[in-house]
Amino acid sequence: MAQEEAPGSPSTASKRLRLSSAPRRGHRGEVTAGGGEVEVVPRSIAPAASDSMEAPAFVPNSPIRKPYLVEYDSNGQPLPEPSIWPDPELSKAYVKAKQQYSERIGQLSKLPTLDDDTCSESIPIQESAADTILKASKFILGLSAYIDGVLLRQSSGILMEWNDDKGTILTTAHLFCSRSRKVDVWLGGQEYAENAEVRVQLLHKDDIEVPGELIYLDEQYGFALISVPMDPPAPETLPRFCNELIFSEDIFLLGRDKSDLQIGNGKVMNKGAGSYERHHYMYFDADISPCGFGGAVINLEGDVIGLIAGSMGFIPSSTILKCLHLWRTFKCIPRIHLGMKLFGIKCLNLVSKEKISRKYHIDAGLIVVEVSGGSDAENHGVRIGDIIQAVNGECISTAIQLENMLLDTCKGYLEKGIGCDSDKDVVLVLDVFNTTKCLPGRIQLTAKLSHHVEIIERGKYEVSNKKALPQFEKAGPGDDELGEK
């Protein structure tokens with residue numbers, strides 16, 4: 001037997017999961033939870049029971065017997081049928097026996113081996129994939145948010161890391177949403193109850209629920225971080241993250257309804273974020289209940305490739321990890337507001353791709369689907385239907401790629417001491433193809449780092465009995481008729 005160590009000894013203190021700044025890379029670009037290497041010092045393990053040790057005696061429960069009523073005549077013989085007026089004391093005893101029997105059956109039906117989930121039909125999953133899901137389920141937790149004791153929302157979360165007797169859980173900002181967004185998320189309107197009480201369902205045999213604390217909520221990217229006191233998890237419990245995404249890749253969705261695991265399976269869709277969603281969204285063709293929002297999208301190897309953001313969409317791990325690095329390093333996650341909604345040509349159907357390639361000789365880039373009124377992009381003449389081919393000399397094929405590049409740009413400015421409160425402008429060089437004139441060009445956009453949610457709304461002009469020029473007549477260069485070239 002190993003000797004028992006003093007509580008304050010160095011070896012005891014080192015029995016924690018610690019994260020360093022250097023990420024650990026694995027196959028397919030995977031990164032350990034928290035973007036850092038998890039250093040593990042194994043704890044003392046009790047010796048396994050040897051074959052020579054005597055097995056403990058089985059401890060049985062009392063047998064289950066269903067009560068039934070029997071009446072006897074004066075000769076001590078059982079009556080073939082119950083009498084119309086049975087003895088009141090006998091009836092009372094029978095009712096009590098049935099009640100005790102029902103209570104016993106009810107208790108047994110709550111066992112994991114006999115509950116409703118055990119009897120329901122399971123999703124057809126190969127045995128190897130089932131092992132992957134069960135392993136990944138260890139870092140999926142159930143969350144609830146309450147306002148004045150009233151349930152606001154339920155969601156799921158990913159146990160990202162553990163340090164100093166606390167775990168950090170990544171979840172969706174939807175957990176705190178007290179007022180739902182408009183149909184178009186770019187128009188704003190969401191409200192969040194950041195003072196809501198958070199409860200975390202730990203994976204314990206007694207399904208214990210403990211209070212959690214909101215430590216960060218990002219409205220732009222739609223995620224939140226929760227701190228919860230907990231015992232150190234096993235090293236293999238923490239997730240691996242994979243930055244690589246493959247369209248049509250087989251995936252599983254993992255979430256929890258309280259303590260019960262929720263599973264969905266499908267594929268990553270070859271579809272970019274629509275005009276009503278943020279650029280950093282991707283989509284799947286799988287189903288999961290709203291309780292699963294905030295859970296994990298995993299590949300067949302068990303790596304986390306995204307955070308479930310809604311019934312059809314998820315935030316890729318590449319974006320999540322960049323955001324978390326900024327938050328850990330600078331305690332903020334700024335963003336450069338472009339004033340445009342964009343859609344990747346790569347995510348179009350083949351008919352549209354072929355048509356754009358044939359007419360413009362362009363095979364990659366971002367289509368401008370909306371320009372915010374009064375934005376620097378509008379003032380430089382960028383219009384709906386134009387194509388952004390490159391940003392700062394780098395060719396961009398998807399909106400996700402652009403979003404990650406902007407996060408890297410923000411990091412570079414923050415390292416130079418230029419933050420959200422700085423008066424210095426951020427300059428981006430955009431190669432733009434004017435699709436109405438079939439001409440390429442280059443513009444310089446100026447913006448600032450902002451921690452606010454970006455609002456994009458098409459410009460308007462007033463039509464009234466006042467004598468005034470419509471806004472579009474004085475908007476900027478190149479505003480002649482669409483058909484004129």
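Modeller: Strands of a sheet pair through backbone hydrogen bonds, either parallel or antiparallel. In this predicted model, 6 strands close into a barrel in the order S4-S5-S6-S11-S10-S9, with antiparallel pairing. On average, neighbouring strands of this sheet are turned by 40° against each other, direction ignored.

Colleague: How many bridges join strand S5 to strand S6?

Modeller: There are 6 bridges between S5, residues 150-163, and S6, residues 166-172, and these strands run antiparallel. As an example, Glu-161 has Thr-168 in S6 as its bridge partner.

Colleague: Which strands does helix H5 lie across?

Modeller: Helix H5, residues 317-330, lies across S5, S6, S10 (209-218) and S11 (223-229). Its direction is at about 60° to S11.

Colleague: At what angle do H5 and helix H8 pack?

Modeller: The angle between H5 and H8 (residues 399-415) is about 15°, and their axes are 10 Å apart. Angles under 35 degrees count as roughly parallel, so H5 is roughly parallel to H8. The crossing of H5 and H8 is left-handed.

Colleague: Which residues make that contact?

Modeller: From H5, they include Ser-318, Lys-322, Leu-326 and Phe-330; from H8, they include Ile-400, Asn-404, Leu-407 and Lys-411. Sorted by class, the contact of H5 with H8 has 6 nonpolar, 4 polar and 4 charged residues.

Colleague: What is found at the start of helix H6?

Modeller: At the start of H6, residues 350-360, a side-chain oxygen of Asn-349 comes to within 3.1 Å of the backbone nitrogen of Val-351. Just after H6, His-361 adopts a positive phi of about 55°.

Technical notes: Residues are numbered from 1 along each chain as its sequence is written. This is a predicted model: local features need pLDDT of at least 70, side-chain atom pairs count only at pLDDT 80 or more; totals for chains, interfaces and linings use all residues. Side-chain values use heavy atoms; hydrogens and water are left out. Two strands pair if DSSP finds at least two bridges between them. Helices (H or I, at least four residues) and strands (E, at least two) are DSSP runs, numbered from the N terminus. Axes are lines fitted to C-alpha atoms, for helices over the stretch in contact, and angles run from 0 to 180 degrees between N-to-C directions. Contact means heavy atoms within 4.5 Å. Angles under 35 degrees count as roughly parallel, over 145 as roughly antiparallel, 65 to 115 as roughly perpendicular and the rest as oblique. A crossing is left-handed if the near helix is turned anticlockwise from the far one by less than a right angle, and right-handed if clockwise. Ala, Val, Leu, Ile, Met, Phe, Trp, Tyr, Cys and Pro count as nonpolar, Asp, Glu, Lys and Arg as charged, and the others, Gly among them, as polar. A polar contact is a pair of N or O atoms within 3.5 Å; within protein, one must be able to donate a hydrogen and the other to accept it, and residues adjacent in sequence count only if both atoms are side-chain atoms.
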